[in-house]
Amino acid sequence: MDWTRILANVVGEFFSPITAAYAIAAIGLNVHFGLTGLLNMGQAGFMLIGAYGFAITTLAGHSALTGLLVGLAASVVFALLLGMPTLRLRGDYLAIVTIAAAEIVRLVGRSTSMTWLTGGNAGIAGDGFKDAFHATCLLPEGNSTILFWTYSNCYSNSWWLRIVGWLAVALFCLLVWRLMNSPWGRVLKGIREDEDAVRSLGKSVYSYKMQSLILGGALGAIGGIFFSLPQAVQADSMGRPTTFFVWTLLLLGGAATVFGPVLGSMLLWAVLMLVKSVMRDVIPSTVLNTEQIEMFSFIIVGLTLMLLVIFRPQGILGDKKELAINVR
Amino acid sequence: MSADATHPSPSAAPFADVEHVPGAKKPDPILVADGVHRAFGGMVAVDVDHLEVQRGAITALIGPNGAGKTTLFNLLTGFDKPDRGAWSFDGKPLAGVAAGNVAKAGMVRTFQLTKALSRMTVIDNMRLGAPDQPGENLLAALVPPLWRGREAEITAQADALLERFKLDTKRQDFAGSLSGGQRKLLEMARALMNGPSMIMLDEPMAGVNPALTQSLLGHIQSLRDEGTTVLFVEHDMHMVRHISDWVVVMAEGRIVAEGPPGEVMRDQAVIDAYLGAHHDTDLGDDALLSDEVAERLEAEADAEQADRDAKHEGGGR
C-alpha cells in the first residue's frame, strides 16, 4: 500500500476547495440552525442558486465580482420567497418548504426548457464561466508543487481557488463569531430557545428570523459558487445529498460553535477519502469495483456518523453542559 | 375577614369611589378593553364587554379553570387575535398590534408555563429583556463600539435585578439548570428589564415554594410602589387577598364580579362560580379528616344542592 499517496490524498482534502465550499455552506446553515433554530432542509438550493447566478452572469461577460453580487442577490430573493409564508409558522413548516423549494430549483435548472440559460441537464461547463475568476488571479501562470501537492496556479482546481476559498472561510468564521457574541446573536439564540418569550420581551421575531434566513442563505450561495468553481455548475451535483452532507458535517463539528462547520467539513471529507483510498488498495476490484467502493465508503462513514450523533450529539466542539439541559 | 383589616390601604384609595360591578369605571385606567370576544370553534373563551385596569395598582384576575383568563392575557398582549373587540393601553389603541410591539409599548407579560431560555445563561436571559440595544441591529452588531456602552448599562441593570431576586449567584448558569421557582423569578426579573409601565403575570406563584412566595409577594408590592401597574392571574386566594388592591372575577369568558378582595370573596356569585363555601377553611387542618366533619360537610353539600334544585324549579315555573 502506498501510504505516502494515501496520506497526501487525505491531507489534500483538508484544504481542498470543495471542503471550503462545504464549510461555507455549513457556516450558513449554522446561522440558520445553530443560532436561530431554523430547520433549513434546502441549503443545496441556496448553493445552486448562487452557483447559477455567478456562472450565468460571468458567462455573459461580466466580472467575477458582479457574478458574486448577482448570486447573492438571487439567494436573498429566494430567502425572502421562502421566508415570507413560513417564518410566521412553527419550525417544521420551514423544513418542508425549503426541501421542496430546493428540489424545485434543481428540477427547473436541469429541465430541457431551461437549456438556453442553465445548460439543462448537462449544466454549465467549466471553461466558460471560470474565466472571470481566473482573471482575478494574482499568482503567475503555470503549476506549482508544494510538498506532495501539485495544482495549477490559477486555473480551475487551483492554488488561487484554495487561497481565496479558505480566506473566505476565515472571514465568515470571524463574521459569525462577531455576530454570535453580539446582542443580535443573543436575540437569535433567544428565538432558538423560545420565540414567544422573545416576542414578550418586545423583539420582532419575524424580522430576526428573516435576517437569519437571508444571511445563512447568502453564505450558502457563496458556498455554492466555490463548489462549482473547481468543477462545473450541474443541477444534480447540488441536490438533496448535498443538503444532507452539509447537515452531517455541521452536526459532526458541532452546531452553534464557530469552528464546528469548518472542522466538520475537513474531517468528513478527509475521512471519506481515507476510507476510499485504503479500500481501493486493499479490496481487489473483482470483489468491489471503484464505484462500489465509493458507495461502500459512504456507508461506513454514515455508520460512524450515526454512532457519533448518538453518543456525542453536541458534535466534536459542542458544549456538553449545554446539552445536559433537556430542551422541552 | 382579618386579612382586610391588615391590608395596606393607601394603594386602595383610588378605588374608593369605584362601583363594585363588572366593568366598573376607574378614575385613571391604564388599560381599557371593550367588547373583546374570542371563540374557539363554537366555544366562547372570552367575551368581555368592558374592563378597566387602574394605573399603579395591583389588580388580580381570578376565576375557575377555563374561565378565559389566560386567553384574555394572550389577546391583550398580541399573542392571539380576537374575533372582535378593541382595547387601548395608556391611550394608544393596541388591537391588532404584534406581540413584540405591545411589549415595546410598555405592557410586558410572563407565561403560566415559564419560558426560561434554557440554553442561555441567566445573565443573557436578563440582557435580552432590555430595550434600545443598538447592537440588536445586524449591521450595528458588527461594530462593537456602537453597543458596548449600552451593554454595560444593561448588564449593570441586570445585575441589580438579579441581586434583588436572589439570583445573583446563578448569574453564569444556564437558565435550564434553575429550579421551577427560580425560573419564575428569572422570568419576572427579565420582564422588568424592559422597564414596563404595566406587567402582566400569569400565575406567578404556581410551583413556587412558600419561602420564595413571600419574597415574590414583596417584589410585586414594591413594583406597585414604584409606579408599575400589575395585573396578575392567580389561584392562590391567600396571595390574592394579601396583595391585590382590586379583584376581577371571570367565569365562562365573562367578567362576573369586580371589587376589593375582601368583598369580592364574599360575593355569592363568586362563591358559587369559583371559591366554594369553604374557601376560607385551611385544607391542611387535620381536624377536617375526621368522619364527623366529613359527614357534616356532605350534609351541607346535599342541602345546598337541594336548595339550588328548588330555586331552579321555582325559576322554571
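Modeller: In chain B, four strands form an open sheet in the order 2-1-4-5, and their pairing is antiparallel. Strands here are DSSP runs of E with at least two residues, helices are runs of H or I with at least four, and both are numbered from the N terminus; two strands count as paired if DSSP finds at least two bridges between them. The edges of the sheet are strand 2 (43-54) and strand 5 (92-93) of chain B, and each has a single partner strand, so one side of each is left without a neighbour in the sheet. Strand 5 of chain B is joined to strand 4 (residues 84-89) of chain B by two bridges in the antiparallel sense, and B:Ser88 has B:Pro93, in strand 5 of chain B, as its bridge partner. Helix 2 (residues 69-76) of chain B packs on this sheet, where it touches strand 1 (29-40), strand 2 and strand 4 of chain B, and its direction makes about 65° with that of strand 2 of chain B. Contact means that the C-beta atoms of two residues, placed from the backbone, lie within 7 Å, while angles run from 0 to 180 degrees between N-to-C directions, with axes fitted to C-alpha atoms, for helices over the stretch in contact.

Please keep in mind that this is a predicted model, in which local features need pLDDT of at least 70 and side-chain atom pairs count only at pLDDT 80 or more, whereas totals for chains, interfaces and linings use all residues. Residues are numbered from 1 along each chain as its sequence is written, and chains are lettered from A and ligands numbered from 1 in the order in which they are written.

Looking at chain B as a whole, we find it divided into domain 1 (2-116 + 178-275) and domain 2 (281-317), with bounds that come from an automatic or database domain assignment. The centres of these two domains of chain B, taken over C-alpha atoms, are 31 Å apart. One residue to look at is B:Gly227, which lies in the loop between helix 8 (210-225) and strand 8 (229-233) of chain B. B:Gly227 counts as exposed because it has 9 C-beta neighbours inside 10 Å; the cut-offs are 20 or more other C-beta atoms within 10 Å for buried, 12 or fewer for exposed, and partly exposed in between, with C-beta atoms placed from the backbone.

Chain B also touches chain A, and the contact takes 31 residues from chain B and 26 residues from chain A. On the side of chain A, the elements that give two or more residues are helix 9 (159-180), helix 10 (183-193), helix 11 (195-200), helix 12 (205-228) and helix 16 (320-324), and helix 10 of chain A gives the most, with seven residues.

Chain A itself has 16 helices and two strands. Its radius of gyration is 20 Å, close to the 20 Å that the globule rule gives for 328 residues, so chain A is as compact as a globular protein of that length; the radius is taken over C-alpha atoms, and the rule is 2.2 Å times the number of residues to the power 0.38. Of the 328 residues in chain A, 51% are buried. A:Val271, by comparison, sits in helix 14 (residues 260-282) of chain A and counts as partly exposed because it has 18 C-beta neighbours inside 10 Å.
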